[in-house]
Amino acid sequence: DANILVAAVLGRQVPRVLAAAHARGVTLAVTEHQIVEAAEILTTKIGLTIAETRTGLEVITALVTPLGAEFCAASEAAARARLHKRAQSDWPVLAAALAAAGGIWTHDRDFFGVGVPVWSSRNMQFAA
């Protein structure tokens, strides 16, 4: 989720958890939509410069597989149907999880009960 990317750029815990999961061979992916959303948050809401945002996200995306819109497209309708009205903008995250038969790492509750595993940063510390 975009909130994980923002936390990875700004925080301490998430970058450590991300690096450790990557080192253990856990496959992590992020949609291009979430990268764009995270960049927007980092520049407009947090106040980082475009260069700081780009550098921070490049470090993070080196550890994950970026997924294009075409990866999520076939699962869009199913994802939208499972998400609450207020969470519709997060459909690419759920669509990617559905398409990959994977889970979602997030700090919010929008994905609880949508039919895929939802991971917190605390739980990700112990992911296989």
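Which residues on the other side of α3 are exposed? Val36, Thr44 and Lys45 are. Exposed means over 50% relative accessible area, buried means under 20%, and partly exposed lies in between, with a 1.4 Å probe and protein chains only.

## About the model

This is a predicted model, in which local features need pLDDT of at least 70, side-chain atom pairs count only at pLDDT 80 or more, and totals for chains, interfaces and linings use all residues. Residues are numbered from 1 along each chain as its sequence is written, and side-chain values use heavy atoms, with hydrogens and water left out.

Helices (H or I, at least four residues) and strands (E, at least two) are DSSP runs, numbered from the N terminus.

## Helix α3

Start with length. α3 has 14 residues, and at 1.5 Å a residue they should span 20 Å. The expected span is 1.5 Å times one less than the number of residues. The end C-alpha atoms are 19 Å apart, which agrees.

Now the buried side. Gln34, Ile35, Ala38 and Leu42 are buried in α3. Seen down the helix axis, the buried residues fall within an arc of 105°, so they line one face. That arc is taken from the directions from the helix axis to the C-beta atoms. An α-helix has 3.6 residues a turn, so residues three or four places apart point the same way. The cover over the buried residues of α3 includes α1, β1 (29-31), α4, β2 and α7. After α3 comes Gly47, with a positive phi near 95°.

## Two nonpolar cores

A nonpolar core is a set of buried Ala, Val, Leu, Ile, Met, Phe, Trp, Tyr and Cys residues joined through side-chain atoms within 4.5 Å. The largest one here has 21 residues. Leu5, Leu28 and Trp105 have the most contacts inside it. Two or more residues each come from α1 (2-10), α2 (13-23), α3 (32-45) and α4 (50-61). The largest share, six residues, is from α1. In soluble globular proteins, nonpolar side chains tend to be buried together.

Contact means heavy atoms within 4.5 Å. Leaving aside neighbours within four places in sequence, Leu28 is in contact with Leu18, Ala21, Val64, Thr65, Trp105 and Met124.

## Loop residues

Val64 sits in the loop between α4 and β2 (65-67). Why is Val64 called buried? Its relative accessible area is 13%. Beyond its neighbours within four places in sequence, Val64 touches Leu18, Leu28, Ala29 and Val30. Val64 and Thr27 are 37 residues apart in sequence, yet 7.2 Å apart in space, C-alpha to C-alpha.

Leu48 lies in the loop between α3 and α4. Its C-alpha atom is 9.9 Å from that of Leu10, 38 residues away along the chain. Ala101 is in the loop between α7 (91-100) and β3 (104-105). Its relative accessibility is 73%, so Ala101 counts as exposed. Ala101 is not glycine, but its phi is positive, near 55°.

## A buried charge

Asp1 belongs to the segment before α1. Lys and Arg count as positive and Asp and Glu as negative, while His and the chain ends are not counted. Asp1 is buried yet has no salt bridge. A salt bridge needs a side-chain nitrogen of Lys or Arg within 4 Å of a carboxyl oxygen of Asp or Glu.
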